[in-house]
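I opened the notebook to record what I looked up about helix packing and nonpolar cores. The entries follow in the order in which I took up each topic.

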Amino acid sequence: MSEDPFLKLREFLDQLPLGFPKTSSGVEIKILRRLFTEEEAKIAVLLSPFPEEASQIAKRTSLDEKELAEKLESMSKKGLIFRARREDKTFYNTAPFMIGLYEYSVKKMDKELAKLFKEYYDIAYLDELGASNIPGFKVLPVEETIQAETVLYPYHKLKESIKEARKISVTECICRKEAKLTGEGCGYPMETCLSFGTAAEYYIENGIGREISAEEAIKIIEEADRAGLVHAGVNSKHLSNICNCCPCCCASMKGITKRGHDKQKYLNALFESVIDQEKCINCGTCVDRCPVGAITMEDITTVNRDKCLGCGLCATTCPEEAITLKLREDREEPYNRVMEMGIAILEAKKKKSE
């Protein structure tokens, strides 16, 4: 590793499942220099992806526990590392670039930082997002669009999962905020990024997001659905976040809509749209509504299941209620935990490079 603390931090972050690849322009180092001080960069590489108390990190690194604890707390409040409080204990762990440093920058985002993020995404990070062909996000439609006889697991039920969350926060969409600051924004709703449980506590305590009730969160989901946004969360059974994604600004969806990549690189489609041809009147509403161009209309209206995200946006606006969603028989269920997904991504990237 290099002795430069920012180069060391880049190399350290690049070892994580969603890495932080090097570029010829060095824009990734400019991002790190904007977010971290040299001292913070040196401390960040001492952490693990697994939660640890300051005392454990101090013991492992031979640093003064009190001083380290103060620095870790300060860094966590700046969104540079992740923090979780359980009972009377505080745990810290590495924040990857995504989901992590990028999203935690939503309140500090300005034109300069937005420009750096956009440049890095365009030349390196989109490829990194899809490098393993393991989607980092799963798509969840609102339950009303799902076929009535479908047997669902709890993690398939978006609104029910929200109701069971012990803490919920909302903040602005980092992708749309970046796009707006770089002159490429859209008219979709902005405050739509939801976090749950421990992640929500982090957002609320740090002032990154505001606390809301389950009823408010469901209202945001419903309004996002009417606006034409895709509900996507981390591809695990545990509910930690829900992004309401647009096809023009979303980091994952842009790979599909603007680069023509296979959806499987970014989004796990658990459901698929089914059209009842007896009810369908070929009005074309669903064709215009689909965010990824999966529906076409000729003699009859048809769905390309290879493209279909199973988001249900077509079903919620069909005037004849001719569209419903069903679970894909060939679906890949979400991972049990985020860490399990991370290991799978690392293994897939390693196999691809061999």
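Helices (H or I, at least four residues) and strands (E, at least two) are DSSP runs, numbered from the N terminus.

I noted that this is a predicted model, in which local features need pLDDT of at least 70 and side-chain atom pairs count only at pLDDT 80 or more, while totals for chains, interfaces and linings use all residues. Residues are numbered from 1 along each chain as its sequence is written, and side-chain values use heavy atoms, with hydrogens and water left out.

**Entry: α1 and α2**

I looked up helix α1 (residues 5–14) and helix α2 (residues 27–35), whose axes come within 10 Å and cross at roughly 110°. Angles under 35 degrees count as roughly parallel, over 145 as roughly antiparallel, 65 to 115 as roughly perpendicular and the rest as oblique; α1 and α2 are therefore roughly perpendicular to each other. Taking contact as heavy atoms within 4.5 Å, I found F6, L7, L9, R10 and L13 of α1 meeting E28, I29, L32 and R33 of α2. I sorted the residues of this contact into 6 nonpolar, no polar and 3 charged, where Ala, Val, Leu, Ile, Met, Phe, Trp, Tyr, Cys and Pro count as nonpolar, Asp, Glu, Lys and Arg as charged, and the others, Gly among them, as polar.

**Entry: α4 and α5**

For helix α4 (residues 54–61) and helix α5 (residues 65–77) I read axes that come within 9 Å and cross at roughly 125°, which makes α4 oblique to α5. On the α4 side A54, S55, I57, A58 and T61 take part, and they meet E65, L68, A69 and L72 in α5. The residues of that contact divide into 6 nonpolar, 2 polar and 1 charged.

**Entry: nonpolar cores**

I took a nonpolar core as a set of buried Ala, Val, Leu, Ile, Met, Phe, Trp, Tyr and Cys residues joined through side-chain atoms within 4.5 Å, with buried meaning under 20% relative accessible area, exposed over 50% and partly exposed in between (1.4 Å probe, protein chains only). The largest core has 83 residues, and F36, L72, F97, L267 and L309 have the most contacts inside it. Helix α7 (residues 111–129) gives the most to this core, with 10 residues. A second, separate core of 22 residues includes V142, I146, L239 and L325.

Definitions and conventions:
Axes are lines fitted to C-alpha atoms, for helices over the stretch in contact, and angles run from 0 to 180 degrees between N-to-C directions.
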